[in-house]
Amino acid sequence: MKEIHGEGILKKLELLLTFGILSITIVLFMTNRLRADLVAVLALLAFVLVGILEPVEALVGFSNSVVIMIAGLFIVGAGILRTGLAQMAGNLLLRYAGDSEKRLFILLLLIVAFVGAFMSNTGTVALMMPIVVSIAISIGSSPSKYLLPLSYIASFSGLLTLIASPPNLIVSQLLVDNGFEKLGFFQITPIGLIGVFVGIVYLFFMRHRIVPKGMRKTNGEASHPLSPKQLAKDYKLGGTLLQVNVPEDSSMVGQRLSQLKIPARFQLCILKIERKSVEGIKFLPMTFQEMAGPSSIIEANDILYLQGTAERVEDLINEYGLLLVEQGSDAEKLVSKELGIAEVLMTPHSRLINKDIRSVRFREMYNLNIIGINRQGKQLLKDMSKQQLRFGDALLVQGSWDSIELLAKETKDVVIVGQPKEHASMASANGKAWVAGAIMLLMVTLMISEVFPAVISVLIAAVLMILTGCVRNMDDAYGQINWESIVLIAAMLPMATALEKSGGMQLLSEGMIQVLGGLGAIGVLGGIYLLTMVFGQFISNTATAVLFAPIAMSAAISLNVNPYAFLIAVAVGASMSFATPVASPTNALVMTAGGYSFKDFAKIGIPLQIIMFVVMMIAIPLLFPL
């Protein structure tokens, strides 16, 4: 008896500790004093330290397929953004929307609902987020106005088809397990259509209140103010850039640039060499580009990119029998997958100050060419080798992206301006929008057809994005993953286990039936919906459905009413994940990108939940009579 009594006390203590930890976690989320991912990890550690969760149980979220899938979707989204596919889709959408911001808002949410009807809401948000951000920037609006509605409508879209959301599949399988017919593919669609309609109407009128305080409008020019294209324009490179072709009979063929001494003899700078090769598959010639250097050997049919005056280039052409390809060439041609340009500033104690460019041996130190100087707003492009560098000068450098990224780590003599890694990634993916589109289409097809589990389909797409160059390399891929969201979701998933182990879930379910049983079927239906919805704000919709679907089935059988109505209520309630950033992976995805706080979700989400409760308590009994 003493052992039983002791076990009872221990169980009550575990229950109190569980609700205590959850309460503190919720308060910390609401106050926004600590980052959400840190709060989630602290809560996870608390459950382990008090003995409610074993370490293995606590860490299981980090191996959850949903977490891995979200990480993969970040990489897929980066490929869509890097290649310009997001910009193209945004431009197409803007063309149909015209000048109407209202029409754009509604059209965007309708597209999200359609896409979300055939794939997970997490996948929908991850795919649409780059497009939404691109559109917002292009029209000078804050992405925050669109990202929260994107998440909410994606949650509603989970009710449009059987496969759109895990809770739908869970309740359908439970019906089969209890001898009922499974849900049809479109059986839940009317409920979803009602949800999407009400959601869009509500968000349309609330859209101006969604933007968090302090979040300002952006514009397209501000998104990449120091892009290579803008730098080339600022330094007026177009007028000084020329291209020449080296014929087979030119005396330059076979010589090293160090032997030719072109900068000293002609006051010209060879910026890069473009060369076509037919090695390997001869009917697929490839173009290679390299930065010109002293050891570069000139080959027949090379294209040389020269910086200098037309008169000096004409002297070079006459000397070596070259052919002028293009004069006043587009400076953007200096930027490619391999090569780029960037701007650097000299530090106050730089060793380069008061030295001329020839003596500082910048190329030998950093493997980069200095191709422009900005001095007090004036561009110096002629006779640069004779210019003495001064503090305050900005230097335009050209070379391989790898060398530019190495220079970015230099802090003693120069400081690089802007984000060379970002520009290198975009240059690498340039022209591959159709590749990214094909990969995205393949991923969606695999997910809809269920050839592989969803996480495998996403990982296939992520790997293809890297192999095809839509994402530059593995370092770039890792850099695109929002680790705050990943840690937040992974740390929150085991909390459902803590609730179940401590008996908290059983206590709540039994109490609900005892309290609401006297109100009849409608009262119990409303109670199940509300309890599912409330718990769905702090644990995943999948875990919520798993926990509450059996309770709903048991209640329906005991009351001798239609179980479809009760289980649909669970599926709907689990999808109403609007009041907290941890209610759904989609909320966590948009939280950082939109600059939202816990209060923003509560301010917009709770009124929507109240409206949906009233609507669904009318719609569910009408469509699925008790």
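# A chat about a predicted helical protein model

Visitor: How much of the chain is buried?

Guide: Of the 626 residues in the protein chain, 53% are buried, meaning under 20% relative accessible area, whereas exposed is over 50% and partly exposed lies in between (1.4 Å probe, protein chains only).

Visitor: Which residues of helix α29 are buried?

Guide: The buried residues of α29 are P585, T586, N587, A588, L589, V590, M591 and G594. With eight of its ten residues buried, α29 (residues 585-594) is largely enclosed by the rest of the structure. Just after α29 comes G595, which takes a positive phi of about 70 degrees.

Visitor: Switching topic, at what angle do α4 and α21 pack?

Guide: Helix α4 (residues 65-82) packs with helix α21 (residues 454-467) at an angle of about 35 degrees, and their axes are 8 Å apart. The axes are lines fitted to C-alpha atoms, for helices over the stretch in contact, and angles run from 0 to 180 degrees between N-to-C directions.

Visitor: Which residues meet there?

Guide: On the α4 side they are S65, I68, M69, G72, L73, I75, V76, G79 and I80, and these meet A454, V455, V458, L459, A461, A462, M465 and I466 in α21. The contact of α4 with α21 divides into 14 nonpolar residues, three polar and no charged, where Ala, Val, Leu, Ile, Met, Phe, Trp, Tyr, Cys and Pro count as nonpolar, Asp, Glu, Lys and Arg as charged, and the others, Gly among them, as polar.

Visitor: And what about α8 and α30, how do their axes cross?

Guide: The axes of helix α8 (residues 144-157) and helix α30 (residues 598-623) cross at roughly 30 degrees and come within 12 Å. From α8, L148, Y152 and F156 meet D600, F601, I604, G605, L608 and M612 of α30. By class, the contact of α8 with α30 has seven nonpolar residues, one polar and one charged.

Visitor: Where is A571, and what does A571 touch?

Guide: A571 has its place in helix α28 (residues 563-575), and at 0% relative accessibility A571 counts as buried. Leaving aside residues up to four places away in sequence, A571 touches L159, P167, N168, V171 and I188. The C-alpha atoms of A571 and N541 are separated by 8.4 Å, with the two residues 30 residues apart along the chain.

Visitor: Last one: is the phi of N301 positive or negative?

Guide: The phi of N301 is positive, near 70 degrees, in a residue other than glycine. N301 lies in the loop between β3 (286-291) and β4 (303-307), and with a relative accessible area of 46%, N301 is partly exposed.

How values were computed: Residues are numbered from 1 along each chain as its sequence is written. This is a predicted model: local features need pLDDT of at least 70, side-chain atom pairs count only at pLDDT 80 or more; totals for chains, interfaces and linings use all residues. Side-chain values use heavy atoms; hydrogens and water are left out. Helices (H or I, at least four residues) and strands (E, at least two) are DSSP runs, numbered from the N terminus. Contact means heavy atoms within 4.5 Å.
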